[in-house]
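Here is a short briefing on one protein chain.

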Amino acid sequence: MRFGDGARRWAYARLALKSFGPSLSFRQARHPALDGARGLAVLAMVMGHTLDALLAPAFRDHPWVQEYWKLRGITAPLFLLVSGWAVVMALGTKPGAAKDSFGRRFRRALLLLFLGYLLHWPGWGAVRDLGFSDAMLSKVFQFDALQCIGASLMLGAMALVVTPNRGARALLLGGLAVGIPLASAGMWHAGEHLPVPLQQFIGNGEGSRFPFFPWAGFFFAGAFAAHGLHLLKPGLAQGFALLALGGALLALTRWMPIEWTPTSPTMVLYRVAQGLLVLGVVNLLPQRLSGMLAPLGRLSLWIYVLHLPVVYGWADIAGLAQRIGPRLGMAAALGVSVALLVGCYLIARFGRWMREQARPWRAGSTTLGASVGTARLGQ
């Protein structure tokens, strides 16, 4: 092929790319530690839920199991922290990236809200039996982790759009990270007479597991940290910075009493410090090691959605907790958790492959790595 022909073909290719408009760009490389941290949280989550549902009471009193229950407390905060970090990190450096990607983030937030409420659907039989009562509304609108991430993502996407200036964005993200936990007790008190769905959202409703107040504070803490550390390269630089920041926050908790109440801001501070330390450690790990967890992290949403009905049931379909119950030994319960994790991962991986085959024009399905619907440039 002659040089002139190659140059003309490359010019035609660039014109074809431009014809898609500003919403077509090359994807930024994924943060090497985010998927690893999310994968670690997925591993702890699936194992924790399975052991909690199946482990016999005699084994729960073992000191190692008690220590594991304590470590499990970082799982949900780590998910929220990483989610907030990923939202800001994905914007890159282009000034209009937040505005250009708002529609995609808003749709993602709606998907998370839908899946969260779907997982807690009690079934038509339960709805008919309870009637139009507060108990029925509490079951249907039970607020859990996915709803919290979805609502936080929705608010975060709006916050990023209205603050194109980096200084104003830092103030807003930092204000949300600090203000939401501090306002939680007051919001719970003010929402006592609100409709049940709003009580579930705020947190003072019965059965609300991960209410917006204070749990959204973890999301915005991650977003604020990503905004502040965006100039540092992923890996050693960010790893040491995260360790220093997490260690400083952890030292700060030594000077104040930590209240383990649902609206405690000191509890949020303590868990944020732990989450930053975990993220810092994963940053410092060799990429080969963190890469072993990354596939789980990339499919974390669907592993979460798949494993919950299997463990706890859905609607009027019984799960492992009802069919087997807490009567297994340690080895058997661990075996079930590993089998469940592998099974959910394979199903999620197959589902992603099917989606890519059905929609070959979407991101990740070509060697170009072109992404429709985002305005950020890859490295």
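Predicted model: local features only at pLDDT ≥ 70, side-chain atom pairs only at ≥ 80, totals over all residues.

The protein chain has 19 helices and two strands. Of its 379 residues, 44% count as buried.

**Whole chain**

- The secondary structure comprises 19 helices along with two strands.
- Burial applies to 44% of the 379 residues in the protein chain.
- Take the contacts between residues at least 6 apart in sequence: 76% of them join residues at least 24 apart.

**Helices H14 and H15**

- Two packed helices are described by the angle between their axes and the distance between the axes.
- H14 covers residues 236–253, and H15 covers residues 265–284.
- Their axes come within 7 Å and cross at roughly 155 degrees.
- Angles over 145 degrees count as roughly antiparallel, so H14 and H15 are roughly antiparallel to each other.
- The crossing of H14 with H15 is left-handed.
- By class, the contact of H14 with H15 has 17 nonpolar and seven polar residues. It has no charged residues.

**Aromatic pairs**

- How many aromatic pairs are there in the count? The count comes to 13.
- Tyr68 counts as partly exposed, because its relative accessibility is 21% and buried means under 20%.
- Trp69 is also partly exposed, with a relative accessible area of 21%.
- Trp215 and Phe218 form another aromatic pair, with ring centres 5.2 Å apart. Their planes lie at 45 degrees, so this pair is tilted.

**Trp215 and Phe218 in helix H13**

- Helix H13 covers residues 212–228 and holds both Trp215 and Phe218.
- Why are Trp215 and Phe218 separated by about one helical turn? They are three residues apart in H13.
- Is Trp215 buried or exposed? Trp215 is buried, because its relative accessible area is 13% and the cut-off for buried is under 20%.
- Phe218 is buried, with a relative accessible area of 1%.

**Phenylalanine cluster**

- Which residues do ring pairs link into a cluster? They are Phe143, Phe201, Phe212 and Phe213.

How values were computed:
Residues numbered from 1 in each chain as written. Heavy atoms only, no water. Axes fitted to C-alpha atoms, helices over the stretch in contact; angles between N-to-C directions. Helix = DSSP H or I, 4+ residues; strand = E, 2+ residues; numbered from the N terminus. Parallel < 35°, antiparallel > 145°, perpendicular 65-115°, else oblique. Left-handed = near helix turned anticlockwise from the far one by under 90°. Nonpolar A, V, L, I, M, F, W, Y, C, P; charged D, E, K, R; others polar. Phe/Tyr/Trp six-rings, centres within 6.5 Å; stacked < 30°, edge-to-face > 60°. Buried < 20%, exposed > 50% of the residue type's maximum accessible area, 1.4 Å probe, protein only. Contact = heavy atoms within 4.5 Å.
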